[in-house]
Amino acid sequence: MTFSFAALGRRPFFLSLAILAASLLAASLLPRGAPRLAQLTSHLYPSPAIHQLASKFSSLRSSPLTTMAYEKELEIALLAVQRATLLTKSVYNSHSKGTLSKSDSSPVTIGDFGAQALIISSIKHAFPSDEIVGEEDADDLRNNASERDLVWGLVQAAKLEDTAAEEKIGGPIKSADAMLEAIDSGRSAGGKKGRVWALDPIDGTKGFLRGGQYAVCLGLLVDGVPTVGVIGTPNLPVDDKTPLDSSISTNADDSEGKGVLFGAVKGEGATSRPLGKGALQDSQPIQMAPLSDISQATFCESVEAGHSSHGDNAAIASKLGITKPSVRMDSQAKYGSIARGAGDLYLRLPVSKTYEEKIWDHAAGVVIVEEAGGQVTDAWGKPLDFGIGRTLKENKGVVAAPRPVFSTVIEVVKEVLGAKQ
């Protein structure tokens with residue numbers, strides 16, 4: 001925007017001040033203009049009062065502490081996930097992971113229950129009106145006193161080493177009953193209205209049990225749109241440049257140099273940082289790798305054949321000219337890996353006409369990949385619809401790739417799947 005400082009100087013002081021204030025307000029919509037405006041006032045309008053106002057405004061606009069959209073939500077989610085990984089790591093390294101059997105026959109560990117309790121209590125402390133879609137409920141623990149006591153002991157022990165960070169997420173859960181109540185607070189049906197958190201306390205449970213990759217995942221949906229995403233991956237290497245290979249799942253552990261915390265806010269970019277035990281460590285921005293030759297891509301897929309069609313994935317890779325073997329790994333660690341450029345493509349192709357993807361398996365990862373320069377749709381190129389409940393029932397499969405090559409990838413995916421119909 002432009003205006004005349006000469007005209008400003010011919011007006012009474014208070015009128016001049018009012019005009020400048022209005023101009024500064026307009027400049028607030030264009031942050032890059034504020035510092036220049038302050039420089040102009042220093043010699044075009046000599047009034048110390050006006051110059052002081054402009055300079056102060058400029059410093060606020062250029063400050064690294066300028067408020068980011070959903071800044072509090074991101075911080076709470078990062079701290080909540082980080083605290084929950086303290087619990088999952090203690091279970092991961094124990095001799096007995098305490099598996100139970102749910103009605104759907106999938107394995108559940110004491111880590112699932114404990115991590116869900118810790119994260120939901122954190123969210124409810126900071127945002128008491130928000131709804132949560134969690135994977136677990138506390139019915140099994142209510143019917144199994146020994147397991148309940150085991151989980152309660154782990155929950156009590158999981159504390160951030162930084163007092164201020166711990167206080168931001170509400171501190172320790174008060175009692176075993178409060179723990180059960182927190183777990184059961186994840187029964188939201190989801191939907192297109194309001195703020196709904198999608199939580200997977202341990203994504204990749206089978207990987208967790210076998211000693212492979214797993215992730216603690218938390219995403220915020222605002223009116224059905226993934227808006228904040230956080231993924232904690234205790235077994236991924238901290239170095240973003242570490243390439244993916246087949247050993248990523250077989251040699252997984254949380255030893256030194258391992259543990260990554262991914263975060264993103266829609267429209268604000270994506271970051272990674274080391275998983276810590278206290279206050280959040282410094283982050284760095286991440287981007288998907290530039291992929292000028294798609295035949296050189298590294299693509300990720302699920303370890304379990306029941307989660308993604310390995311045969312279709314191989315056919316797609318062949319048509320794209322990709323000769324590298326796929327990297328198979330559990331959990332949304334795949335989303336984090338391609339977002340930081342360690343891999344390139346993520347294919348999760350449908351193996352059943354009736355299977356519905358769960359929103360907690362994708363909400364956080366979608367935000368992180370899209371903010372790192374990627375695109376995510378279902379296997380037919382349709383946007384993922386997170387606003388119709390606890391599942392993505394209007395979508396089939398998931399495809400994620402860098403934006404410049406996405407159209408090429410999705411056309412080959414549709415070609416391979418279409419040939420089977």
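Mentor: We will go from the whole chain to a few residues. Keep in mind that this is a predicted model.

Trainee: How many helices and strands does the protein chain have?

Mentor: The protein chain has 16 helices and 14 strands. Next, look at burial: of its 421 residues, 54% are buried. The accessible surface is about 18300 Å², and carbon and sulfur atoms account for 53% of that surface.

Trainee: What share of the contacts joins residues at least 24 apart?

Mentor: Start from contacts between residues at least 6 apart in sequence; of these, 73% join residues at least 24 apart.

Trainee: Which residues does the UniProt annotation "binding site" cover?

Mentor: An annotation comes from a record, here an unreviewed UniProt entry, and it covers Glu135, Asp200, Ile202, Asp203 and Asp361. These residues span 227 residues in sequence, but no two of their C-alpha atoms are more than 10.0 Å apart, so they gather at one spot.

Trainee: Is Asp200 buried or exposed?

Mentor: Burial is read from relative accessible area, and under 20% means buried. Asp200 has a relative accessibility of 1%, so it counts as buried. Asp200 lies in strand 4, residues 195–203. Setting aside residues up to four places away in sequence, Asp200 touches Glu135, Ala215, Val216, Cys217, Trp360 and Asp361.

Trainee: Where does Asp203 lie, and what does Asp203 touch?

Mentor: Asp203 is in strand 4. Asp203 is buried, because its relative accessible area is 8%. Beyond residues up to four places away in sequence, its contacts are Tyr214, Ala215, Cys217, Ser331, Gln332 and Asp361.

Trainee: Which strand holds Cys217?

Mentor: Cys217 belongs to strand 5, residues 215–222. Its relative accessibility is 1%, so Cys217 is buried. To relate two positions, compare sequence and space: Cys217 and Asp203 are 14 residues apart along the chain, and their C-alpha atoms are separated by 6.9 Å.

Trainee: What lies 3.3 Å from a polar atom of the side chain of Thr205?

Mentor: It is the backbone oxygen of Ile202. Thr205 is in helix 11, residues 205–210. With 13% relative accessibility, Thr205 falls under the cut-off and therefore counts as buried. Leaving out neighbours within four places in sequence, Thr205 is in contact with Pro107, Thr109 and Asp112.

Note on methods
Residues are numbered from 1 along each chain as its sequence is written. This is a predicted model: local features need pLDDT of at least 70, side-chain atom pairs count only at pLDDT 80 or more; totals for chains, interfaces and linings use all residues. Side-chain values use heavy atoms; hydrogens and water are left out. Helices (H or I, at least four residues) and strands (E, at least two) are DSSP runs, numbered from the N terminus. Buried means under 20% relative accessible area, exposed over 50%, partly exposed in between (1.4 Å probe, protein chains only). Contact means heavy atoms within 4.5 Å. Accessible areas come from the Shrake-Rupley method with a 1.4 Å probe; for residues, only the protein chains shown count as cover. A polar contact is a pair of N or O atoms within 3.5 Å; within protein, one must be able to donate a hydrogen and the other to accept it, and residues adjacent in sequence count only if both atoms are side-chain atoms. UniProt positions are given in the numbering used here, feature names are shortened, and annotations may be inferred rather than shown by experiment.
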